[in-house]
Structure formats: structure tokens, C-alpha cells
Amino acid sequence: MSKYMHVYKDIKQKIEENIWQENQELPTENELMEYYSYSKDTIRKALSMLAIDGYIEKRQGRNSIILNHHLVNKQFLSEIKTVSELNRSALHDIETKLVALYIVQGEEDLMETFDVTAEMDFYRVARIRSIDGQRLEYELSYFDRRVVPYLNQDIVEASIYNHLENHLHLKISHSRREITFRHANDEERQYMDLGDYDMVVVVSSTTYLDDGQPFQYGSISYRPDQVTFVSMAKR
């Protein structure tokens with residue numbers, strides 16, 4: 001691991017575990033150089049990555065400040081995170097419930113995305129995610145069974161990505177995402193606590209392994225008043 005990645009991961013872990021808290025200033029670059037025993041260039045690279053990923057805000061002539069990186073209000077588009085990873089400091093009561101798990105074939109979107117014939121098998125997984133007692137997310141995912149040969153209720157309600165990474169030893173690389181706003185469909189009205197809303201925010205994605213192979217296609221629907229998406233842009 002490179003030196004700047006070591007600094008990046010260590011500071012990120014401290015933020016996620018609430019050791020360094022929201023709105024707190026980071027130590028100065030000189031203090032971080034002394035703490036990690038690395039050069040100023042290494043520290044600056046790590047801080048730039050943290051700023052791009054939404055963990056800190058760099059301020060001209062002042063120390064960087066730690067940003068809110070909690071679960072419900074903000075989703076950071078630069079990361080692929082499981083819910084348990086986002087909620088590492090246990091700020092929220094989260095429950096994932098399986099709605100449906102079965103095998104499908106011949107769906108046109110899947111055939112096009114994965115470049116396969118109609119005979120190829122996919123797991124169709126539908127889940128509800130309740131946060132602090134409210135059903136705020138509805139997730140629908142399809143998994144290529146050549147890559148993910150077996151899923152059950154225990155795996156799905158715990159963490160599919162944990163199963164993929166720690167049991168199947170797959171390396172998840174990146175995800176292509178698209179955000180849309182639309183009227184809720186029948187499933188979302190049935191499984192989400194939408195209140196007075198008839199609209200949902202939908203993040204559709206295709207997720208890839210480190211060899212470029214797609215293995216997951218799906219979407220997560222959010223109640224619009226309960227999510228904010230954050231992306232850092234640089235000129």
C-alpha cells in the first residue's frame with residue numbers, strides 16, 4: 001500500500017468510527033506529517049482524496065474540517081458501501097428484510113447489460129430497508145449466477161457484499177450509477193413508508209468486478225425527503 005493511501009485509510013477510519021467527529025478540525029499538515037512520519041506531499045495527497053470522497057472540506061489558510069458522513073441524510077456517490085459500513089458508528093437502527101428471492105431468465109435489460117442469451121440465470125433479490133423504524137428504501141437487484149451461484153435469506157438479510165468478498169473472495173471494483181426521479185410504482189407503494197409522497201428517488205446501477213465483469217444490476221428507491229446525494233467536483 002502506498003504511503004498516502006495508508007494515511008487516507010487511517011484518517012477515514014477515524015472519521016467513520018467517530019474518533020474524529022463532524023465539524024472538528026483536522027490536525028495541521030505539519031502535525032499530520034509528524035504523526036505519520038511522512039512528507040508534506042504524501043499528507044496533501046491523502047487529504048485531497050478525503051476531500052474528493054466527501055470526508056473533509058479543505059479551507060484556504062485554515063485546517064481542514066470533517067464533514068457529516070452519516071447514513072440517512074447523505075449518500076456519497078464516490079463510494080460503494082454496505083449499510084453496515086455506512087452505519088459503523090451505530091447511529092441508526094437498521095433492519096433489512098427479504099421480500100423475494102428467486103431465479104429469472106430472459107429479461108431483456110439483463111440480457112443487454114450482461115450480453116447473454118435468454119437461458120442465462122439471474123437471482124432476483126427484493127429487499128426492504130427500515131431505518132429507525134421507517135421503511136425508507138426498497139432495493140431490487142439481479143445477480144449473475146455464474147458469479148454468485150448461491151444466495152439464501154440469511155445471506156441476503158445480513159450482507160450480500162460481505163458474502164461475496166469474504167466467502168467467495170471476489171474483488172468488487174466500481175459501479176456505474178444513474179439517478180432518476182419518478183412516480184412510485186406498485187411495489188414501492190406497498191413496501192415503503194412513503195407518507196404523503198408519491199415520488200421516489202431511484203439510483204440504478206451496474207456493478208463490476210476488478211476484471212471488468214459486471215455481476216450485479218439493480219436499483220435502490222428512496223423516499224425523497226430522507227436522502228441527499230453528495231458528490232465532490234473539482235476544476
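Ser37 is exposed, with a relative accessible area of 62%; exposed means over 50%, buried under 20% and partly exposed in between, with a 1.4 Å probe and protein chains only. The structure is a predicted model, in which local features need pLDDT of at least 70 and side-chain atom pairs count only at pLDDT 80 or more, while totals for chains, interfaces and linings use all residues. Residues are numbered from 1 along each chain as its sequence is written, and side-chain values use heavy atoms, with hydrogens and water left out.

Ser37 lies in the loop between H2 and H3. Helices (H or I, at least four residues) and strands (E, at least two) are DSSP runs, numbered from the N terminus. Most residues other than glycine have a negative phi. Ser37 is not a glycine, yet its phi is positive, about 60 degrees. A positive phi, near 55 degrees, is also found in Asp115, again a residue other than glycine. Asp115 sits in the loop between helix H5 (108-114) and strand E5 (122-131), and with a relative accessible area of 71% it is exposed.

The protein contains eight helices and ten strands. Of its 235 residues, 42% are buried. Its accessible surface, computed by the Shrake-Rupley method with a 1.4 Å probe (for residues, only the protein chains shown count as cover), comes to about 13,100 Å², and 44% of this belongs to carbon and sulfur atoms. A contact means heavy atoms within 4.5 Å. Among contacts with a separation of 6 or more, 58% are between residues 24 or more positions apart.

Helix H1 has 14 residues, and its first and last C-alpha atoms are 20 Å apart, close to the 20 Å expected at 1.5 Å a residue. The expected span is 1.5 Å times one less than the number of residues in the helix. Among the buried residues of H1 are Met5, Val7, Tyr8 and Ile11. Their cover includes H2, H3, E1 and strand E2 (62-66). After H1 comes Asn18, with a positive phi near 65 degrees.

Helix H3 (residues 40-52) has 13 residues and should span 18 Å, which agrees with the 18 Å between its end C-alpha atoms. Thr42, Ile43, Ala46, Leu47, Leu50 and Ala51 are buried in H3. The cover of these residues includes helix H1 (3-16), helix H2 (29-36) and strand E1 (56-59).

Rings of Phe, Tyr and Trp (its six-membered ring) pair if their centres lie within 6.5 Å; planes under 30 degrees apart count as stacked, over 60 as edge-to-face and the rest as tilted. By this rule there are five aromatic pairs. One of them, Tyr161 with Phe215, is tilted, at 6.2 Å centre to centre and 50 degrees between the planes. This pair links distant parts of the chain, as Tyr161 is in helix H7 (residues 160-166) and Phe215 in strand E9 (residues 214-222), 54 residues apart. Both Tyr161 and Phe215 are buried. Phe143, Tyr161 and Phe215 form one aromatic cluster.

Met199, in strand E8 (residues 199-209), counts as partly exposed because its relative accessibility is 32%.
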